[in-house]
Amino acid sequence: MNCARCFHTHEAHAGDGNSLMRKGACRIPGCTCNAFIDRIHRIDEELT
């Protein structure tokens with residue numbers, strides 16, 4: 001899964017465990033992203 005801010009993968013962000021909500025700053029050199037932001041996908045009308 002990629003960050004909505006910097007588009008790097010969740011593995012590139014600092015953090016412990018498997019929770020995407022607790023990922024911290026991006027560890028890619030030169031990237032200024034300070035927290036992982038999950039993209040909110042549009043829910044299909046069929047599922048609502």
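Reader: Is Cys33 buried or exposed?

Author: Cys33 is buried, at 5% relative accessibility. Buried means under 20% relative accessible area, exposed over 50%, partly exposed in between, with a 1.4 Å probe and protein chains only. This is a predicted model: local features need pLDDT of at least 70, side-chain atom pairs count only at pLDDT 80 or more, and totals for chains, interfaces and linings use all residues. Residues are numbered from 1 along each chain as its sequence is written, and side-chain values use heavy atoms, leaving out hydrogens and water.

Reader: Which residues make up the largest nonpolar core?

Author: Six do: Cys3, Cys6, Ala12, Cys26, Cys33 and Phe36. A nonpolar core is a set of buried Ala, Val, Leu, Ile, Met, Phe, Trp, Tyr and Cys residues joined through side-chain atoms within 4.5 Å.

Reader: How many disulfides are there?

Author: The search of the whole structure finds 0. A disulfide here is a pair of cysteine sulfur atoms within 2.5 Å.

Reader: New topic. What does Gly15 touch?

Author: Arg22, Lys23 and Gly24, leaving aside residues up to four places away in sequence. Contact means heavy atoms within 4.5 Å. Gly15 is partly exposed, at 44% relative accessibility.

Reader: How much of the chain is buried?

Author: Buried residues are 19% of the 48 in the protein chain.
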